[in-house]
Amino acid sequence: MVNIETLVRKNIRELKPYSTARSEFAGEASVFLDANENPYNSPYSRYPDPMQRELKHAIAAQKNVAVEQILLGNGSDEPIDLLIRMFCEPQQDNIVAIAPTYGMYKVAADVNNVEYRKAPLNEQFDFCADDLLKVADSHTKLIWLCSPNNPTGNSLNRQEIVKTIEAFSGVVVLDEAYIDFSTHTTFLQDLHKYPNLVVLQTFSKAWALAGVRLGMAFAAAEIIATLSKIKYPYNISVLAQQHALQQILQRKDEVAQWVQTLLAERTKLQAALASLPCVQHIYPSDANFLLVKTTNANAIYNRLVGRGVIVRNRHSVELCAGCLRITVGTPQENATLLELLASDEMKTL
């Protein structure tokens, strides 16, 4: 059994967090004279609930987890950074992650001056737990897994994920940003089994709220309590909380329909791309994007940009030479992309 407390940095364990009257107060009040706010222009004149209580209760019901297992962040990037600050001593501890994967894991490690070690995926973009764990040592505090993975689009082998969680003496962070597009089951309902597991999800993808910037971290209450201690007090704005709450309570069915539409469009887009001369291979995807190997990724990317169509050039990423990552858009957006890729100028590339 992993002892989470012993993994937490000493200064974080002993930290006395910044306290607000709003975080200490629970209940109903009609007069707020605690935070030096301008009382006019309600409700935006008031600081947001630092604990995001109403929104967390809605998420808990939606995800079938306890409120105490939820941390909300400014996108998933905030909990990514907080986890590193919670567990990793700069210039002493390290992080292990699969490669290729989401680039912010390394950026956050570099910002915190923490060594970042890569465990390359195989040719099927999957991993072996034993090989991954060989990259770790006694100073490895965190392992990062992303499933479905970005930029490859595939879901990782569940048995290997479980093996990693059970064998690792630190914390495993599983990023499920694209889980709503996958037929694979989330690990949220396994949190009670694994006190060293953190699951990340987001409102940016299936929920279509990328501009709201709202990420979710789910873990044992012990981990969430410490993350809450080191986060900035008012990290989620009133507008973000209200908008996400409205989406959960009033638009769940619409969100589900968006997901089904995108999955159908992904199938159509994959079939259409496969017929193009500039496309050499399309990798299987459990996400709302496709990783596509092309005849000349740099040239095709530049031509598309010149026509006002932006995709992601992944040519310089490990195991992704010649690849473009293409998000599934609306039928009209997809048609525009396909028309450009089928044009005579692309046939020469």
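Reply: Leaving aside residues up to four places away in sequence, I59 touches N64, I70, L72, F203, M216, F218 and I248, where a contact means heavy atoms within 4.5 Å. The model is predicted, so that local features need pLDDT of at least 70 and side-chain atom pairs count only at pLDDT 80 or more, while totals for chains, interfaces and linings use all residues. Residues are numbered from 1 along each chain as its sequence is written, and side-chain values use heavy atoms, with hydrogens and water left out.

I59 belongs to the largest nonpolar core, which has 55 residues, and I59, F127, L145, F203 and F218 are the members that touch the most others; such a core is a set of buried Ala, Val, Leu, Ile, Met, Phe, Trp, Tyr and Cys residues joined through side-chain atoms within 4.5 Å, buried being under 20% relative accessible area with a 1.4 Å probe, protein chains only. Apart from this core lies another, of 33 residues, among them L142, A217, A219 and I224.

Turning to the secondary structure, helix α4 (residues 53–63) lies across β1, β6 and β7 (215–218) and runs at about 120° to β1; helices (H or I, at least four residues) and strands (E, at least two) are DSSP runs numbered from the N terminus, and angles, from 0 to 180 degrees, are taken between N-to-C directions of axes fitted to C-alpha atoms, for helices over the stretch in contact.

Strands β1, β6 and β7 belong to an open sheet of 7 strands, ordered β1-β7-β6-β5-β4-β2-β3 with mixed pairing, two strands being paired if DSSP finds at least two bridges between them. The edges of this sheet are β1 (70–73) and β3 (115–120), each of which pairs on one side only, and the twist averages 25° from one strand to the next. Within the sheet, β5 (residues 171–175) and β6 (residues 197–202) pair in the parallel sense over 4 bridges, with V173 standing opposite V198 in β6. Helix α8 (residues 158–167) lies across β4 (140–146), β5 and β6, and runs at about 150° to β5.

In the chain as a whole there are 14 helices and 11 strands. The radius of gyration of the chain is 22 Å, close to the 20 Å given by the globule rule for 349 residues, so the chain is as compact as a globular protein of that length; the radius is taken over C-alpha atoms, and the rule is 2.2 Å times the number of residues to the power 0.38. Along its principal axes the C-alpha trace spans about 70 × 50 × 30 Å, and 52% of the 349 residues count as buried.

Methods. Buried means under 20% relative accessible area, exposed over 50%, partly exposed in between (1.4 Å probe, protein chains only).
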